[in-house]
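Please keep the 3D view open while reading.

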Amino acid sequence: MRGQGINYDTGFYPGGEISREHFDAGVVRREMQVIAADLGCTAVRITGGEPERLSTAGQLAAAAGLEVWFSPFPCELTADQLAPLFAECADRAEHLRSSGARVVLVTGCELTLFAAGFLPGGTVFERIAGLQSGGPELHAAFAAMPARLNGFLAETADAARSRFGGPLSYASGLWEPVGWQPFDIVATDAYRDAGNAAGFRGQLRKQRAHGKPLAVTEFGCCGYAGAADRGGMGWAIVDTTADPPRLDGDYVRDEAEQVRYARELPALFEEEGVDLAFWFTFAGYGYPHDPDPLLDLDMASYGVVKMLKSGPGTGYQGLGWEPKLAFDALAQLS
């Protein structure tokens, strides 16, 4: 691969709750410097639902020498609502690119789950449950999906090219039948788990068959025993109805689980011709560590750092977090 990347959350709204409440430019600047210098990353995929935050983080990432994958990540919007948001983000990405930064514009993420209208379900969580359970309604939606999804993506790419002069991509789910003609880079969120492990390489090769560079926009796992087998669903162990939120059962903290995943998957991606892969994610800002296993929400985080409840002024360089074992594992790959 030509480098190493990581995802960076500026705050998005799955289920209506923001994933990162506090966003401070000074903290972001220092974290981008850590990502570039300490983790040895060459690229960062900046995600979130607020365009102004994306621009701020993008500028600070570029100042740290990182290639910026400018990635708006809205939730629960319809196609009509998405269009102006993506247009604004294309303008912002072009402003960043014209200042001399290396920028890729990513026009959304797994829209069939995170946007309204492609699959049945009133929220992203209902759509995920429906995708897992199947049924006649889902089969009907999948039959209509290629035309609906690719029509929207083509329109979005066309509108973006009138505003943005750099390469375009889209962060697809492996289940999405994307037509990649409008894009410069094929990209997919590729979580290996117990259910897809046997055919995982085949799925990557199918994506490479489009004849364009292939990026893995997300891969990773959480830090508890058995999390690797859950892959992209490893986060779903938190009971958010409890006060305070807690894990929904007894789990064993195991940061080595992330380390194994962080070493095995990049080697596999290299063998399969992936151009660039982004670990998900730098930090789970809303999932702090707690010594009580039931309250240790960090177990459900994909972050390579663990957030501390004591907050800013503590931990690594006073940033309110401490590196996990996966931090060093990724750094050793650079």
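This is a predicted model: local features need pLDDT of at least 70, side-chain atom pairs count only at pLDDT 80 or more; totals for chains, interfaces and linings use all residues.

The points below cover a strand and its neighbours, then a pocket.

1. Residue numbers start from 1 along each chain.

2. Strand β6. Look at residues 186–189, which form strand β6. Are its faces covered or open? Both are covered. Val186 and Thr188 sit on one side, and these are buried. Ala187 and Asp189 sit on the other, and they are buried too. In a regular strand the side chains alternate between the two faces of the sheet.

3. The β5 side. Strand β5 spans residues 168–173. It runs parallel to β6, and 2 bridges join the two strands. Glycine 173 has aspartate 189 of β6 as its bridge partner.

4. The β7 side. Strand β7 covers residues 214–219. It also runs parallel to β6, joined to it by 4 bridges. Here threonine 188 is partnered by valine 216 of β7. To get from β6 to β7, the chain passes through helix α7, residues 200–208. This β-α-β crossover is right-handed.

5. The second largest pocket. Its volume is about 210 Å³. How many residues line it? The lining has 15 residues. Met1, Gly3, Gln4, Pro266 and Leu333 lie nearest the pocket's centre.

6. Make-up of that lining. It divides into 8 nonpolar residues, 6 polar and 1 charged. Helix α9 (255–271) and strand β10 (276–279) each supply at least two of the lining residues. Which element gives the most? That is α9, with 3 residues.

How values were computed. Side-chain values use heavy atoms; hydrogens and water are left out. On a 1 Å grid over the protein atoms alone, a cavity is a set of points where a 1.4 Å probe fits but cannot get out, and a pocket is an open set with protein on both sides within 12 Å along at least five of seven lines; lining residues have an atom within 4 Å of a point. Grid points are joined across faces, edges and corners, and a volume is the space filled by probe spheres set on the points. Ala, Val, Leu, Ile, Met, Phe, Trp, Tyr, Cys and Pro count as nonpolar, Asp, Glu, Lys and Arg as charged, and the others, Gly among them, as polar. Buried means under 20% relative accessible area, exposed over 50%, partly exposed in between (1.4 Å probe, protein chains only). Two strands pair if DSSP finds at least two bridges between them. A crossover is right-handed if, with the strands pointing away from the viewer, the path from the first strand over the helix to the second runs clockwise.
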